[in-house]
Amino acid sequence: MAPEPTIEQTTEGIPLDSPDSNDRVARRTFIKSVIASGAVASSGGLMLVGLSGCSEDAAPAAGSVERLVTLRVNGRDRPVDVLPNETLAMTLRYKLGLTGTKLSCDRGECGACTVTIDDVAHNSCSTLTHSVRGRAVTTIEGLEQPDGTLHPVQQAMIDELGPQCGFCTPGQIMSGVALLKTNPSPTREEARQAMAGNLCRCGAYDHYLNSIMRAARTT
Amino acid sequence: MSNKDMMPQFALFQPSDIENALELLEKYGENGWLVAGGQDSFDWFKDRAKRPEAVIDLGGIAELTGVRETPDGIEIGAMTTLTEISNNTTIKSQYGLLSEAAGRVASPQIRNAGTIGGNVSQDARCWYYRSGLDCYRAGGNTCYADTPEGMNREHCLFGASRCVAVSPSDTAAAMVALDASMVIRSSAAERVVPAEEFFIGPDVNITRMTVVEAGDILTAIRIPAKWAKAEFYFEKVADRNTWDFPLVNVACSKIVNGGVIEDIRIACAGVECVPKRMTVVEDIVRGSNQDEETAELGGGSASRGASPLNYNHFKIPLMENLVKRAIRGNSSNGTVPVQQ
């Protein structure tokens, strides 16, 4: 297999030999470091063959996009090597280590991968990373303040016990954040429509709606 | 089997003007693929059902976006998103049918990325075709849906010709009801095609749903002023209230004066490979009073000529009733059709 010169340079995952890994390795930290080391992460049977195959045989046709790009993610400029056929969900999770964005259906049906691009909710599984150059991407990791204060939607999710299993929650929160940006005091029906692109297998829809309505009241 | 891997490799081009995009289309021919919002394209690529060598992303072409008022109505750039169309004040106040239809497509996230040009150009949703089978539409020599065992609950009532797939678009029906026309550019020329001729059935060409060919770009959609501020009715019936495609939808523009339907255009998607213009219904109700008798007559005639398949007989009363409601009501100003 061809070497992978770029992945390590462009991730912020913690190397395996960092102090974190010495005694108690958090699961999250461990997964991130596996990603950072370029190994194939066995996250739910994901096949990263395409991602690790960033070799020269994929030399782009003349005029095709430049692979080295800088993305604006969560207020920071992140240089990263992006394949032409790479989705934003793949870049965020496996190159930038932002695993809060979940991949579920990978077909734009479930909304688990929702992020905001210039404050508008998008399914990151159905967005080419190259199409967000120069635009502001916000993921679930980018919502809390530097001092750790949660975004009102995040806080409301806790106060209202919004999630059940929690897997779809990052996507639900991002849709709620996008809604309150354009409509700070939605009716319950407006909120229901705005959240309609996010599936929840636990069926916690009403709890999520309670959370969004609470967040609208507290902002 | 994992469904979450990378799309197969392709070269990606992001031209900033139409000329450059046309050059690329010409260069790559059948191996090139135009991406608008990508909400349908990426699924094709992920499923390996389509494997273009070069993908041409139209997202960077500024002249393809936005809504412009013209002397004869409005012109909408093909890359304008469905969310922009459902929120646009001009479209909402004058062509509310289109904003309603655009607002009922898929889910908020898909409407935020999906474009009007992509929505009217989307491919058939027949699951046999989508799963990559070698059906007629895919270049093979059989139809898997129109067989004694075929699951054809969502398939057509009209215009079957080897293929029984339907037009899956909510906005396409609105385009026909608004008498819109499509502006198509190729490197040779620009042509303007009425919506009714833009969509084509399997009898014309079984491998595509519109007149747009390799080398063409749909650049804009024009809506004539004739139907500005007409009475509009849009209704979509689907298995799920979000994300889903219509089983049947109805889009209707009518000009009503003193209780008389002076003029009307009405179209349904989900019943034929093209949005079906209900000319029989139009002829019956035009000039009649807008009342229950007219609605009954019009609705009942909607299914004239329909030939249902094994599992889609339910679409006949569904379509008839939607047409009936469209004749009675006006969804844009909140007038609920009266049930008598």
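Colleague: In this predicted model, how many of the eight residues of helix 9 of chain B are buried?

Modeller: A residue counts as buried when 20 or more other C-beta atoms lie within 10 Å of its own. By that test the buried residues of helix 9 of chain B include D170(B) and T171(B), as well as M175(B), V176(B) and A177(B). Helix 9, which covers residues 170-177 of chain B, is therefore largely enclosed by the rest of the structure, and its buried residues number eight of the eight.

Colleague: Which residue takes a positive phi just after helix 9 of chain B?

Modeller: Helix 9 of chain B covers residues 170-177, and A177(B) is among its buried residues. Just after this helix there is a phi of about 55 degrees, and the residue that takes it is D179(B).

Colleague: How compact is chain B, judged by its radius of gyration?

Modeller: Chain B has 13 helices and twelve strands. The globule rule gives 20 Å for 340 residues, and the radius of gyration of chain B is close to that value, so chain B is as compact as a globular protein of that length, with a radius of gyration of 20 Å.

Colleague: What share of the contacts in chain B with a separation of 6 or more comes from residues 24 or more positions apart?

Modeller: The C-alpha atoms of chain B fill a box of roughly 60 × 55 × 35 Å along the principal axes, and 55% of its 340 residues count as buried. Among the contacts in chain B with a separation of 6 or more, the share from residues 24 or more positions apart is 63%.

Colleague: Is G270(B) buried or exposed?

Modeller: G270(B) sits in the loop between strand 11 (260-269) and strand 12 (276-277) of chain B. Leaving aside neighbours within four places in sequence, G270(B) is in contact with V166(B), P246(B), L247(B), V248(B) and N249(B). Because 31 other C-beta atoms lie within 10 Å of G270(B), this residue is buried.

Colleague: Which residues does K315(B) touch, not counting those up to four places away in sequence?

Modeller: K315(B) belongs to helix 13 of chain B, and it counts as buried because it has 26 C-beta neighbours inside 10 Å. D72(B), by contrast, is 243 residues away from K315(B) in sequence and 37 Å away in space, C-alpha to C-alpha. The residues that K315(B) touches are L157(B), L247(B), V248(B), V271(B) and P308(B).

Colleague: At what angle do the axes of helix 12 and helix 13 of chain B cross?

Modeller: Two packed helices are described by the angle between their axes and the distance between the axes. Helix 12 (residues 292-301) of chain B passes helix 13 (residues 315-328) of chain B in a right-handed crossing. Their axes come within 8 Å, and the angle at which they cross is roughly 145 degrees.

Colleague: How do the residues of the contact of helix 12 of chain B with helix 13 of chain B divide by class?

Modeller: Helix 12 of chain B contributes T294(B), A295(B), E296(B), G298(B), G299(B) and G300(B), while helix 13 of chain B contributes E320(B), N321(B), V323(B), K324(B), I327(B) and R328(B). By class, the residues of this contact divide into three nonpolar, five polar and four charged.

Colleague: Which strand of chain A gives the most to the side of domain 1 that touches domain 2?

Modeller: Chain A is divided into domain 1 (7-51 + 68-142) and domain 2 (152-218), and 14 residues of domain 1 are in contact with 13 residues of domain 2. The elements that give two or more residues to the domain 1 side are strand 3 (114-117) and strand 4 (120-123) of chain A. With three residues, the element that gives the most is strand 3 of chain A.

Colleague: Which element gives the largest share of the side of chain A that touches chain B?

Modeller: The contact takes 36 residues from chain A and 29 residues from chain B. On the chain A side, helix 3 (49-52) and strand 4 are the elements that give two or more residues, and by class this side has 16 nonpolar, 16 polar and four charged residues. The largest share, four residues, comes from strand 4 of chain A.

Colleague: Is D106(A) buried or exposed?

Modeller: D106(A) lies in the loop between helix 4 (88-94) and strand 3 of chain A, and its phi is near 60 degrees, a positive value in a residue other than glycine. Because D106(A) has 24 C-beta neighbours inside 10 Å, it counts as buried.

Definitions and conventions:
Residues numbered from 1 in each chain as written. Chains lettered and ligands numbered in written order. Predicted model: local features only at pLDDT ≥ 70, side-chain atom pairs only at ≥ 80, totals over all residues. Domains from an automatic or database assignment. Contact = placed C-beta atoms within 7 Å. Axes fitted to C-alpha atoms, helices over the stretch in contact; angles between N-to-C directions. Left-handed = near helix turned anticlockwise from the far one by under 90°. Nonpolar A, V, L, I, M, F, W, Y, C, P; charged D, E, K, R; others polar. Rg over C-alpha atoms; globule rule 2.2 N^0.38 Å. Buried ≥ 20, exposed ≤ 12 C-beta atoms within 10 Å, placed from the backbone.
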